[in-house]
Structures are given as C-alpha cells and as structure tokens.
Amino acid sequence: MNRSNPLLRAVFAAFALLALPGLHAIGAADPAAPVAADWPKDAVWYQIFTERFRNGDRSNDPTRDSLDRPIEPSTKWRVTPWTGDWYERADWEKEEGPRFYKDGVLDRRYGGDLQGVLDKLDYLAGLGINAIYFNPLFYSRSLHKYDGCSFHHIDPFFGPDPRGDLALIEKEDANKVSDWTWTAADKLFLHVVAEAHKRGMHVILDGVFNHSGRDFFAFKDLKKNQERSPYRSWYVVHTFDDPRTRRDEFDYEAWWGYKSLPIFAPAPDGNDIAPGPKAYIFAATKRWMLPHGEGSANDGIDGWRLDVADERPAKFWADWNTYVRSLNPIAYTSCETWRDASKLIADGRFSGCMNYHAFAIPVKGFLIDGGITAAQFLHLLNARREALPKGAADVVQNLIDSHDTDRAASMIVNAHTGAYSDPENIEYNTRASPAVSDTYKIQKPDSRHRAIQRLVALFQVTYEGAPMLYYGDEAGMWGGNDPDNRMPMVWADLAFARQSLDPRGLPRKPDDVAFDESLFQYYRSAIELRRSHASLSRGAFHSAGAFDEARAIAFRRETDSEDLLVVLNRSEEPQTVRIVLDKSEAAKYAKASVLFTSTGGHDGFRIDATPIGIHVSLPPLSGAVVSPRPR
C-alpha cells in the first residue's frame, strides 16, 4: 500500500492513535456498561465561565496578539477593568466602530484564570457546591473557546506561563500522542482538580467534539497543504484552493455557517465521525481522565458535558461513552440538547443531559412567566421526566440559565406576559437580549423579581434531578443573552461602578452593582436543605396537587425513611391550598410543620391538619417545604 497517498496517511494516523493503551474499547458499545454514576444524584452543580469568574493572576492576562484572527483590535487594546460599567466602551472599542455588540465587546478580555478558580474553591464549598462544570478550557484564541486549537492542552492564558506554554505547544507533533507534553496551564488545571477533590467536589469539562477552530493543528495543515494534507478526511471540504488563481476557493462545512468552526467529517457510512478525529478525541479524553496513566482516575476529571451532542451520530457517542466508562466506571456524561433528550441519552449512552426541555423551559412557563396553569406545568414536568431513560431523571442537570441564555434574574424582569395558547411552545431565550430587542429591559431586579427567583431556586433544590447554578446567579447578577450573560463575576471584595448606560442609546435609571449577600445566604440555605435531606436528592417524586385558581402546586419527595411536602404559590396573592392525602399519610402529617420557606421567615405560612389531609397557607410568590414532624 502506498503510504504517500494523503487519504492512506490519514488512515494510518488514525490507527496510530487507536493503538494507544486502552483505546481497544472504541468498538461497539457494551450493553452491560453502566450509564449513570451514583454520585451525580447528590450533585449541586456550578457552571464556571473561567474568563469571567476571577482574575487570580494578573501576570498571565491575555495580550493583544493572543486574540482571534482575522480580527485585529487597535494597538490601544488593553485588558478591560473587571469592575467597570459593562456597557461603557473603551477608546479602542470605539475605534472598531459605533456598535456595542458588533464592534469590540467580543474582543474584550478580563483576565479570569484558573488561579482565580483555585482562590475561590472555598467560596464554592461554603455555598454548598459539590460539582463543577467548566465551560471550555482548552487552548483557543476566542473568548468562548468553542473553537479549540487543541483538545489536549488547557489554554495557556488560563495558566501561569502563557509564553512558555505556547512555545512548548509549537514544538509538538499534535497528532503524535507520545509527543504531548504537560504545560504549566495543564498542570495548574490538574492541581485545581486535586484541590476540588479534597473539598468533596467533582469536576467535569466541556467536550466540544463536533468541530474545531481554524487554528486546530489538523485544520491548519489542511488549509496550508489542501489536497495534499493527511488531514483532508478530517473535515468536509467543498472546494480546494486553485493555486492558478488569485482568489482563495478553499471552502468547507462549518457549524451553522460560522467559518471559525469547521465541522469534523462523518465516517463514510454516515453513522460515525471520521476515524482520524475520532481517534484524536478518544486520546484527548483519556489524557484528562487518566492524566498519570492507568490507575490514576482519582487524579483526573470526573466526566464531561458534551456540546451540541445531538449533531453527532449516536454510534460515536455510544462508542465514546463506553470508552469513558472503561477509564472510570463512575464517570458522568451530560449531553447538551434543547429538545427532548430521551432518545439521545439512550442511544448515545449518556448519564443525563443539560435539562432544558424537561426542566428549564417548563419552569420558565409557570414560575417565571406565569403563562401556563399549574396543571399544565405539572403535566409537562411529569410527561417529560417520565420519558427519560431509567435512572437519567435522577442525574440530569436542572438548570434555569447558562452561557447560552439570558440570566435567570433578567428572564424574570423580562417575563413573557399573558397566557400561552400552547403549553408545548413556551417562549424561552427568544429575543432575550438588548442586542436584538429595543424592549428588552436592562435593570436590576426589584424585590418582586427576587421573590420569584427565590421561588425558582427552591423548586430547583427540591425537584428530581441535580440543581445547577450559572456563576453569579447566587450573587445577584443579571443580564441578557450572550455577551451580557458573561459579565465579570460580582465579588464581595470588589467595588463596582454603577451600571448606567444602555447599548441602544436609550435612557435608563442607573443601578448599583454589588454582591447580594442576602440572596447568597438564601441560596446557601436552600442548597444546605437539599444536601441534608436525602429525600430531595434520592427520593421518589409524587405530584400532590395542581391548583389552577390559586396558581399553586404541591408535590412530595419520599424515601423509606423520610417524606417531605413542597408547596409553591406563584400567585401574587396569599393562597391556601387543600392537599388531600390517604388515611395513613394524613395521620402522618397531623403534626406537620414548615421546615423551610423561600422568604426566609415563617410569617404568612400556616398548616392546618384535617382528617383527609392538610391545608397549607402561603404568602404571595412563596414556597414552603413541609415536614410531618413538629418544629
């Protein structure tokens, strides 16, 4: 066989990676392999967008030449002050152009890094967090880092020695695993993992295995060598450049048309991805899960969140998930999809999903918008939860917001008005930014908005599945969709400028920006409630009533040793609901008391026992957890 043929070279490169120890498991999925680890049942997740979380090391701040290409910011470019008014534009941004969202904001860097995460692990532990999901950390020139230059290196500007790391990376043969080195940023990340593990926290990484960036080693070679590249089968090339013309005809398939995100090619039969990128992905997966070789699972990450997972063939994910669990049988994998995830979880052998469809969207419809009835809300919850594969409902990530949506607080400020004609089509993340809407409100939430946020948080910690917070929600942060949802974290030890500008040039009332201690303490108490009651993380879920007129719902979480009742009042008025129980349950709740409230106090809450159940009275926009035991 002629190994000088480009296609054959790509095949041999794939087989070279497949020969790595442990990669023999790439074949068909083992039907006996576990799908869900046990620890995620008890998880309380916290999503970190590292560049905006904490600047712990100013010596590694990004430089102008580290930014995206072909964008070239002004020579006046500087790291943006962490505590400034988000909507105030620097001189270099104004030179880029007049538009806030198009000219400059995506070229900003604030200097968040892994040292900042390390410095704040005790903050997260104090909040009650025991599981961290990192947005992409791998080497990339972009802010978002979904356009990776590498999957086997942490971004050098997240570590202590960017220049040294870049030099090491430049010397590597990236497609030769034996040539991979450990950079200073890689080592610091492993230290973060070790320190998180010491605090009882699990860590998962964002796996972006659908596409790469243009500076990814295989794509760079493809662009340079065109048809002669050994990586031509890694991507879908529409046309190669014709060197006889002045025009560059090189064109390729890109994610949703974004040319900065070239998509990895499918396998010839369409049921998998191409052998080359598949082998590289498996090798990178092993690197972070077994960083010191066989037997080092405790030193590696505890799982993955998989970006746009519904855009890759199920066979790829089934093979990959089987391989992941051959490395660590209790690893957790979460697929991203905004649609019904049941088939993707089952066919791809995921543990769970980012639970947009069966949690965030119904919650938006009822608790935030008030646009569906209590009965419709419980029906959506039950139907969508029960459609998930066995075991998945206990470990899905129950989020409200993320880096891809407006923040929960701003969802509430900008809540949809009026009833939804179709509960299956709830408005979620639609025109959710001042970048696309002149009516989207930029403002600090008021006391009513915070009452709803507390109610939502109470539901998160008491419903089946694992609650997940987006960084800063517990600190009171607000903001529309990308990029406004990625403002620098508001910390208690920093003094922030007032937010007084509107990117649309509209007048607005200035708002103070500061860490919300009261809200933080509420989230901490709510998380403590969940972590101290096994029924809330491991108990069966039973609907106990949908009260359309009162705009209230009730449900129970039950184990063999504990039974808790949760009642939520979405009405703007005080409400009393009658919860009917069978004879034995009614007797059990005869001396029931309020265990926890969303208001932080007990004023306005009352429980009256009846022979067939209990009456629960609640103030407006509030919730309570009821225990059968007296206080």
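What radius of gyration would a compact globule with 631 residues have, and what does the protein have? After that, please examine helix α15, residues 517-532.

Guide: The model is a predicted one. For 631 residues, a compact globule would have a radius of gyration near 25 Å, and the protein agrees because its own value is 25 Å. The C-alpha trace spans about 85 × 60 × 45 Å along the principal axes. Of the 631 residues, 61% are buried. Among contacts with a separation of 6 or more, 71% join residues 24 or more positions apart. The accessible surface is about 24900 Å², and carbon and sulfur atoms contribute 51% of that area.

The protein contains 17 helices and 18 strands, and α15 is one of these helices. At the start of α15, a side-chain oxygen of Asp-516 comes to within 3.3 Å of the backbone nitrogen of Ser-518.

Further along, the buried residues of α15 are Leu-519, Phe-520, Tyr-522, Tyr-523, Ala-526, Ile-527, Leu-529 and Arg-530. An α-helix has 3.6 residues a turn, so residues three or four places apart point the same way. The partners of the buried residues of α15 include helices and strands: they pack against α4 (121-127), α14 (447-462) and α16 (534-538), and also against β10 (466-470), β15 (593-597) and β18 (622-627).

Notes:
Residues are numbered from 1 along each chain as its sequence is written. This is a predicted model: local features need pLDDT of at least 70, side-chain atom pairs count only at pLDDT 80 or more; totals for chains, interfaces and linings use all residues. Side-chain values use heavy atoms; hydrogens and water are left out. Helices (H or I, at least four residues) and strands (E, at least two) are DSSP runs, numbered from the N terminus. The expected span of a helix is 1.5 Å times one less than its number of residues. Buried means under 20% relative accessible area, exposed over 50%, partly exposed in between (1.4 Å probe, protein chains only). Contact means heavy atoms within 4.5 Å. A polar contact is a pair of N or O atoms within 3.5 Å; within protein, one must be able to donate a hydrogen and the other to accept it, and residues adjacent in sequence count only if both atoms are side-chain atoms. The radius of gyration is taken over C-alpha atoms; the globule rule is 2.2 Å times the number of residues to the power 0.38. Accessible areas come from the Shrake-Rupley method with a 1.4 Å probe; for residues, only the protein chains shown count as cover.
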